[in-house]
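Colleague: I would like to go through this model and hear the grounds for each label. Please set the values against the cut-offs as we go.

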Amino acid sequence: MKNISFLFFLLIGCIPIFNSAQIIKGKITDAITNEPIPSVNVYHSGTSKGTISDLDGNFEIALYENSLSVLTVSLLGYETLKFTDPVNTDFTNIQLKPKVGDLPAVFINPDPWSREKKEKYFIKQF
């Protein structure tokens with residue numbers, strides 16, 4: 001019985017070793033101003049594992065040994081970066097470039113209904 005309990009505790013103690021993760025740390029800055037960027041999404045593509053950068057642009061994310069997912073860094077208004085080999089990538093200063101894009105034109109057409117016509121319709125319906 002003692003051998004079984006010893007074996008049980010030995011196996012329980014080894015589980016964290018088998019499921020060990022490497023922590024990736026980095027800092028995200030603007031490529032033009034070199035200012036830190038807060039709230040940048042840093043996540044493993046195709047998973048629910050991710051984090052965001054703090055007010056100083058710093059982040060930490062676990063990278064599991066068996067993970068083959070791409071590490072993605074994204075923020076609205078900036079170009080998205082994807083790292084296919086995060087283990088061998090230097091994340092000490094990731095620089096995001098602002099994304100320049102054109103928005104489609106918005107056309108405002110005159111309203112064919114007058115305010116009086118809208119009020120009559122509203123009263124009739126309600």
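Colleague: Which residues form a nonpolar patch on the surface?

Modeller: This is a predicted model. F122, I123 and F126 form the patch, and together they have about 430 Å² of accessible area. I123 belongs to helix α2, residues 115-125.

Colleague: Why is I123 called exposed?

Modeller: Its relative accessibility is 62%. Exposed means over 50%, so I123 counts as exposed.

Colleague: How many helices and strands does the chain have, and in what order do the elements run?

Modeller: There are two helices and seven strands. From the N terminus the order is α-β-β-β-β-β-β-β-α.

Colleague: What share of the chain counts as buried?

Modeller: The chain has 126 residues, and 20% of them count as buried. The accessible surface of the chain is about 10200 Å², with 59% of that belonging to carbon and sulfur atoms.

Colleague: Why is I28 called buried?

Modeller: I28 is in strand β1, residues 21-30. Its relative accessibility is 0%. The cut-off for buried is under 20%, so I28 counts as buried.

Colleague: Which residues is I28 in contact with, leaving aside neighbours within four places in sequence?

Modeller: I28 is in contact with E35, P36, I37, V40, V42, S53, G57, F59, V73, I94 and L96. Take F59 from that list: I28 and F59 are 31 residues apart in sequence, and their C-alpha atoms are 8.0 Å apart in space. For the chain, among contacts between residues at least 6 apart in sequence, 48% join residues at least 24 apart.

Colleague: Which residues touch the most other members of the largest nonpolar core?

Modeller: That core has 15 residues, and the ones touching the most other members are I28, V42, F59, V73, F91, I94 and L96. Two or more residues each come from β1, β4 (58-64), β5 and β7 (94-96). The most come from β4, which gives three residues. In soluble globular proteins, nonpolar side chains tend to be buried together.

Colleague: What does V42 touch, not counting residues up to four places away in sequence?

Modeller: V42 touches I28, G50, T51, F59, I61, L71, T72 and V73.

Colleague: What makes you say that both faces of strand β5 are covered?

Modeller: Strand β5 spans residues 71-74. L71 and V73 are on one side, T72 and S74 are on the other, and all are buried.

Colleague: How do you know that β2 and β5 pair?

Modeller: Four bridges join strand β2, residues 41-44, to β5. Pairing needs at least two bridges, so these strands count as a pair. They run antiparallel, with N41 opposite S74 in β5.

Colleague: What joins β5 to strand β6?

Modeller: Three bridges join β5 to β6, residues 81-83, again in the antiparallel sense. V73 has L81 in β6 as its bridge partner. The two strands form a hairpin with six residues between them, and G77 in the turn has a positive phi of about 95°.

Colleague: Why is the contact between K25 and E60 called a salt bridge?

Modeller: The side chains meet at 3.8 Å, N to O. The rule asks for a nitrogen within 4 Å of a carboxyl oxygen, so the pair qualifies. K25 lies in strand β1 and E60 in strand β4, so the pair ties together parts that are 35 residues apart in sequence.

Colleague: Are K25 and E60 exposed or partly exposed?

Modeller: K25 has 55% relative accessibility and counts as exposed. E60 has a relative accessible area of 48%, so E60 is partly exposed.

Colleague: How many salt bridges are there by this rule?

Modeller: The count is three. K118 and D111 meet in one of them, at 2.3 Å, N to O. K118 is partly exposed at 40%, and D111 is partly exposed at 47%. R115 and E119 also form a salt bridge, at 3.5 Å, N to O.

Colleague: Where do R115 and E119 lie?

Modeller: Both lie in helix α2, four residues apart, which is about one turn of the helix. R115 is exposed at 64% relative accessible area, whereas E119, at 41%, is partly exposed.

Key. Residues are numbered from 1 along each chain as its sequence is written. This is a predicted model: local features need pLDDT of at least 70, side-chain atom pairs count only at pLDDT 80 or more; totals for chains, interfaces and linings use all residues. Side-chain values use heavy atoms; hydrogens and water are left out. Buried means under 20% relative accessible area, exposed over 50%, partly exposed in between (1.4 Å probe, protein chains only). Patches are made of residues with over 30% relative accessible area and no salt bridge: like charges are joined within 9 Å, nonpolar side chains (Val, Leu, Ile, Met, Phe, Trp, Tyr) within 5 Å. Accessible areas come from the Shrake-Rupley method with a 1.4 Å probe; for residues, only the protein chains shown count as cover. Contact means heavy atoms within 4.5 Å. A nonpolar core is a set of buried Ala, Val, Leu, Ile, Met, Phe, Trp, Tyr and Cys residues joined through side-chain atoms within 4.5 Å.
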